[in-house]
Amino acid sequence: SALGGSWWPLYIVPGWMQQLAHITLTAWAMDGFNQLLIYGKTLSAIVLSLVVLAGIGIVCFSISVARFRFN
């Protein structure tokens, strides 16, 4: 969670770390959260974050269904 920006805002870390942070779910969730609550943006401003989070969820769900052992 620290890498994704839950402990401190990502804008205070170097650019390379900001890029690296976006391999985590937390970074995408915090981006959307900050856009809505801190910067007062609308839902249209966080479409990319929502799409990425939904995509990661679909991929993880697909992997879990494929690996689940049905008896």
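**Ground rules**

I'm working on a predicted model, where local features need pLDDT of at least 70, side-chain atom pairs count only at pLDDT 80 or more, and totals for chains, interfaces and linings use all residues. Residues are numbered from 1 along each chain as its sequence is written, and side-chain values use heavy atoms, with hydrogens and water left out.

**Fold and overall shape**

I found three helices and zero strands in the chain, in the order α-α-α from the N terminus on. Both kinds of element are DSSP runs numbered from the N terminus: helices are H or I with at least four residues, strands are E with at least two.

Next I checked the radius of gyration, which is 15 Å for the chain, whereas a compact globule of 71 residues would be near 11 Å. That radius is taken over C-alpha atoms, and the globule rule is 2.2 Å times the number of residues to the power 0.38. Along the principal axes, I get a box of roughly 50 × 25 × 15 Å for the C-alpha atoms.

**Surface**

I have about 5,400 Å² of accessible surface for the chain, with 70% of that on carbon and sulfur atoms. These areas come from Shrake-Rupley with a 1.4 Å probe, and for residues only the protein chains shown count as cover. Of the 71 residues, 20% count as buried. The cut-offs are under 20% relative accessible area for buried, over 50% for exposed, and partly exposed in between (1.4 Å probe, protein chains only).

**Largest pocket**

I noted about 190 Å³ of space in the largest pocket. Of its 13 lining residues, L10, Y11, D31, N34 and Y39 are the closest to the centre. Helix α2, residues 25-37, gives the most to the lining, with five residues. I sorted the lining by class into seven nonpolar, five polar and one charged.

For the record, a pocket is an open set of points on a 1 Å grid over the protein atoms alone, where a 1.4 Å probe fits, with protein on both sides within 12 Å along at least five of seven lines; lining residues have an atom within 4 Å of a point.

**Three residues**

K41 sits in the loop between α2 and α3 (47-67). I put K41 down as partly exposed because its relative accessibility is 43%. Leaving aside neighbours within four places in sequence, K41 is in contact with Q35 and L36. K41 and A2 are 39 residues apart in sequence and 24 Å apart in space, C-alpha to C-alpha.

G15 belongs to helix α1, residues 15-21. At 46% relative accessible area, G15 is partly exposed.

I56 lies in helix α3. With 25% relative accessible area, I56 also goes down as partly exposed.

Definitions and conventions. Points joined across faces, edges and corners; volume = space filled by probe spheres on them. Nonpolar A, V, L, I, M, F, W, Y, C, P; charged D, E, K, R; others polar. Contact = heavy atoms within 4.5 Å.
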